[in-house]
Amino acid sequence: MTLFPIINFLLALVSAPLLLGVINKTKALFAGRRGQPVLQAYSDLWKLLHKGAVYSRTTTWVFRAGPVVGLACVLVAAALTPFGGAPALMGFSGDLLLLVYLFGVMRFFTVLAALDTGSAFEGMGASREVQFSALAEPAFLLGLAAVAHVTGSFSLSTMFPALDATDWSQAGPALLLVAAALFIVFLAENSRIPVDDPDTHLELTMIHEVMVLDHGGPDFAFILYGAALKLWVLGALLSGILLPVRTGFGVIDSAIAWAALVALAAAVGVVESSMARLRLLRVPRLLVGAVLLSGLAFVLLLR
Amino acid sequence: MFLIVASLAVFSVAALFAVLPAHRPVWCVRAGIFGACVGAAAGLLAAVQGLFGGSIESMRIPWSIPGGELHLGMDPLSAFFLLPITGLGLLGAVYGAGYQRGGDAKKLGVGWFHYNVLLASMVTVVTARNAILFLIAWEVMALSSFFLVTHEHDKPQVRAAGWIYLVATHLGTAFLLALFVILGEKAGSYEFSAFAKAGASLSPGLAVAAFAFTLIGFGTKAGFLPLHVWLPEAHPAAPSHVSALMSGVMIKTGIYGLIRLLACLGAPPAWWGWCLLAVGLLSGVMGVLLALSQRDIKRLLAYCSVENIGVISLGLGVGYLGLSRGSTTMAALGFAGALLHVLNHAIFKGLLFLGAGSVLHGTGTGDMDLLGGLYKRMPWTGTTFLIGAASICGLPPLNGFVSEFLIYFGAFSGVVSTSSAAVVSGLVVITGLALIGGIASATFAKAFGGIFLGEPRSDQALHAHEANGLMRWPMVALAACCVLIGFLAPLAVRAVLPAVGMIVPVSSDALDAGIAPAMEPLGWITAGCAAFAALVALLALLRLRLLSGRTVGETGTWDCGYARPTARMQYTASSFGQPLMAVFAGLLGTGGTGTAPRGIFPAKASHTSETPDPFRSRFYDPLFLRTLGLLALFRGAQHGRVQMYVLYVALTLIAFLIFSLG
């Protein structure tokens with residue numbers, strides 16, 4: 001039993017890039033293409049890790065520190081994330097704050113690395129990133145607070161294993177609202193449509209992609225892997241709320257959670273194939289909407 | 001007590017030495033600086049002794065002023081506030097010595113006179129146990145800081161800033177005077193200990209008035225919104241080491257006064273907590289939004305102080321709500337978070353103001369849109385500024401995270417409780433802190449990115465020079481404190497607890513039990529931060545290992561095929577902040593002037609945007625203009641003829657005589 005946190009952590013490390021492949025495959029399917037292999041992200045990482053690098057003369061160590069700090073943040077965050085009904089490697093009251101703030105550190109350094117290049121494009125992306133995340137953060141924390149209220153604890157490792165079908169029967173509508181809010185946060189934080197477009201090569205419309213325009217080689221591999229792991233962490237939290245299946249067998253629970261994450265990735269692919277990116281001016285409204293959904297969940301819980 | 005008296009004596013002697021008419025005024029200035037350092041060091045020792053020694057001392061000397069007594073006391077709460085005052089006072093003096101090196105010694109001497117007086121008055125404010133002595137020290141503090149703000153009084157905008165500050169601080173003091181009269185009448189004495197007995201028996205109406213006067217009187221000094229308007233004017237106008245002292249610690253005397261006097265007003269009802277939460281939310285969110293909108297680095301930092309005072313107020317709100325609910329955990333967490341944030345804010349705001357001073361010193365401008373690329377020219381200032389910026393955003397593993405974590409923790413313990421009021425108060429705090437944190441990150445990414453990263457946007461930035469040694473070390477020391485408190489979170493909280501014990505009226509065992517739920521998580525946070533630091537080191541090594549032996553080239557920034565990018569094409573700090581400001585445009589009222597490009601071949605175009613303080617432009621300016629118009633009616637009585645003034649005095653006296661006889 002005590003091995004599950006370690007196994008789940010290793011599972012996250014190994015299969016996080018797979019989620020990117022699932023999203024891309026789904027999108028290809030919708031577009032009627034054969035698409036990249038599901039394991040393409042692994043090949044990309046392998047290729048990038050074997051490359052040299054080119055740095056801009058404008059940059060300082062801040063630019064080089066960005067990917068390193070970002071990956072370290074998301075690795076610690078993964079160690080705080082419970083999975084499949086088992087607690088996380090590290091769990092304590094208030095760990096959700098450390099998780100949210102570690103993503104804050106990651107963002108701060110990504111933004112500074114982008115500003116370090118002195119490029120107008122990267123400045124533009126960084127500016128949008130801080131705009132959207134300032135609104136996504138309250139939605140994220142409020143959503144987690146609602147789950148905390150339902151389960152009576154504010155440690156991720158107690159909250160998520162404690163969620164089960166009875167919570168859904170008692171507080172179903174509220175949990176559904178929270179899940180909707182967290183889905184919006186999940187899309188925004190992972191730079192997916194309708195907030196950001198990970199595929200476009202038109203810099204003026206990109207946010208995350210444009211911030212890392214100048215990175216290459218191992219640095220870019222760190223960024224890519226960090227992004228995949230962040231998708232895993234936020235996805236694990238979201239699917240942990242949506243599908244809290246408890247069979248009593250750790251292996252089966254983990255397998256179900258894993259399948260749920262793959263399904264979530266496929267759902268992201270469906271969203272990306274079926275709708276366009278929102279106009280940048282509309283995105284704040286969507287995020288404020290997410291804050292309100294979480295707030296509404298509390299109104300239902302407190303009534 | 002000996003150390004406190006010694007430090008006050010050293011400050012007084014040093015102040016006199018600084019303005020001594022000597023042949024070599026440089027030596028007088030040096031004596032002033034040296035005295036400030038020695039006095040502050042003695043005070044620092046006293047603070048450490050008071051905080052950890054655990055004894056409560058006092059010293060009383062009779063005084064001829066009616067109701068007054070030279071009554072100084074030391075308890076953990078005073079000691080806790082003394083810590084940043086003396087610590088930052090010491091570092092500020094060292095920095096100031098480097099910052100003003102080579103200036104006009106006569107003028108500097110006057111500056112160091114006021115610096116010493118300011119330090120002495122702040123020490124007296126937090127140790128005074130008699131309301132009259134407190135008020136006199138409070139007034140001396142206001143006046144000495146006024147003279148420090150107007151140090152460069154040859155500039156009209158500095159004189160205007162000083163004037164606004166003088167009016168604001170005296171309006172605040174007027175409310176304190178009223179408060180002390182209410183309490184003094186009831187108690188029959190002006191001792192704080194007598195106030196504490198009298199405060200609980202005030203009639204309900206008077207109790208509400210007393211709370212309101214405390215909040216307004218001390219809130220003006222602390223910079224609660226909407227009483228903050230003096231802050232963004234006065235702090236940038238002062239020399240940078242004084243700005244650091246004013247923004248880092250002087251405004252905290254307002255928080256000290258609030259806590260000390262609220263403790264005299266009896267058991268806290270729940271609405272105090274709600275009031276402080278509302279004030280904290282308003283100050284925090286509006287403060288950080290206004291900070292984001294500034295172009296001048298020191299104005300940005302001043303508004304950011306309003307934000308942090310808001311965060312402190314949120315913590316106090318959680319604390320007083322906890323007290324009123326009888327929840328020691330919530331109270332201990334709220335107050336511990338608020339007090340630790342007082343110390344943390346003194347550290348990182350002091351650091352950032354010193355950093356801003358180095359930028360001003362090295363380039364001659366604080367306009368972020370004209371700076372850029374300073375990191376390569378000023379690596380010491382840049383690195384320490386980065387640490388300060390990350391701390392003030394509350395990012396782990398630095399100190400800002402620890403205090404915000406405690407306040408969040410208090411709020412979450414409300415959210416998981418069964419009482420609806422506690423849940424709602426927790427939600428207010430969580431939403432507020434999350435929003436404030438997000439916008440603060442944007443603000444400081446803008447400040448650090450705009451000033452230190454990219455390419456220089458002007459000649460001043462291109463020819464910047466690094467701060468000298470005396471300026472460098474105080475910044476390094478403060479940055480080290482940010483890292484240390486971040487990594488030693490459990491110890492820092494233990495150090496705050498004695499001061500919390502002065503506010504939460506329970507035994508120290510009960511207090512320990514109250515804070516216990518947060519102690520284990522704090523240990524985990526330290527572990528998590530250590531893991532994070534180790535991972536950063538490992539990944540950095542891995543990266544070096546991967547790149548060794550491979551080609552690592554250098555080139556210009558990739559600008560999507562554009563061949564000749566210039567520094568002017570960079571995103572400026574203002575354009576960086578604009579999208580987020582646009583979301584809150586309704587609150588900010590940012591205005592712009594300029595000419596848009598017109599036609600197929602546009603001629604010159606320009607754009608300047610400005611965010612005036614909405615409270616000043618929409619509320620205070622009209623109010624004071626109206627008052628001025630009203631007072632103009634009395635102008636006829638002001639004519640400068642002395643005999644007429646004597647007549648006014650005589651008439652007033654006769655009126656009083658008739659009143660008292662009749």
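Keep in mind that the model is predicted.

I'll start with how helices pack in chain B. Two packed helices are described by the angle between their axes and the distance between the axes. Take helix H12 of chain B, residues 270-292, and helix H17 of chain B, residues 420-452. Their axes are 9 Å apart, and the angle is about 15°. Angles under 35 degrees count as roughly parallel, so H12(B) is roughly parallel to H17(B). Their crossing is left-handed. What kinds of residues make up the contact of H12(B) with H17(B)? There are 17 nonpolar residues, four polar ones and one charged one.

The second pair is helix H8 of chain B, residues 204-222, with helix H11 of chain B, residues 252-262. Here the axes come within 7 Å, and they cross at roughly 165°. Angles over 145 degrees count as roughly antiparallel, so H8(B) is roughly antiparallel to H11(B). The crossing of H8(B) and H11(B) is right-handed.

Next, the surface of chain B. Which residues form the nonpolar patch there? They are Trp163(B), Val167(B), Leu171(B), Phe619(B), Leu623(B) and Phe624(B), and together they have about 600 Å² of accessible area. Two elements each give two or more residues to this patch: helix H6, 156-187, and helix H24, 614-631, both of chain B. Val167(B), for one, lies in helix H6.

Now the backbone, beginning with chain A. Please find the loop between helix H7, 165-189, and helix H8, 208-211, of chain A; Pro194(A) is in that loop. The peptide bond leading from Ile193(A) to Pro194(A) is cis, and its omega is near 15°. Ser191(A) is also found in the loop between H7 and H8 of chain A. Ser191(A) is not a glycine, yet it has a positive phi, about 55°.

Chain B has a cis peptide bond to show as well. Where is Pro397(B) placed? It is in the loop between helix H15, 379-392, and helix H16, 399-415, of chain B. The cis bond joins Pro396(B) and Pro397(B), with omega about 5°.

To recap the helix pairs: H12(B) and H17(B) pack at an angle of about 15°, whereas H8(B) and H11(B) cross at roughly 165°. On the backbone side, the places to look at in the model are Ser191(A) with its positive phi, the cis bond at Pro194(A) and the cis bond at Pro397(B).

Methods. Residues are numbered from 1 along each chain as its sequence is written. Chains are lettered from A and ligands numbered from 1 in the order in which they are written. This is a predicted model: local features need pLDDT of at least 70, side-chain atom pairs count only at pLDDT 80 or more; totals for chains, interfaces and linings use all residues. Side-chain values use heavy atoms; hydrogens and water are left out. Axes are lines fitted to C-alpha atoms, for helices over the stretch in contact, and angles run from 0 to 180 degrees between N-to-C directions. Helices (H or I, at least four residues) and strands (E, at least two) are DSSP runs, numbered from the N terminus. Angles under 35 degrees count as roughly parallel, over 145 as roughly antiparallel, 65 to 115 as roughly perpendicular and the rest as oblique. A crossing is left-handed if the near helix is turned anticlockwise from the far one by less than a right angle, and right-handed if clockwise. Ala, Val, Leu, Ile, Met, Phe, Trp, Tyr, Cys and Pro count as nonpolar, Asp, Glu, Lys and Arg as charged, and the others, Gly among them, as polar. Patches are made of residues with over 30% relative accessible area and no salt bridge: like charges are joined within 9 Å, nonpolar side chains (Val, Leu, Ile, Met, Phe, Trp, Tyr) within 5 Å. Accessible areas come from the Shrake-Rupley method with a 1.4 Å probe; for residues, only the protein chains shown count as cover. A salt bridge is a side-chain nitrogen of Lys or Arg within 4 Å of a carboxyl oxygen of Asp or Glu.
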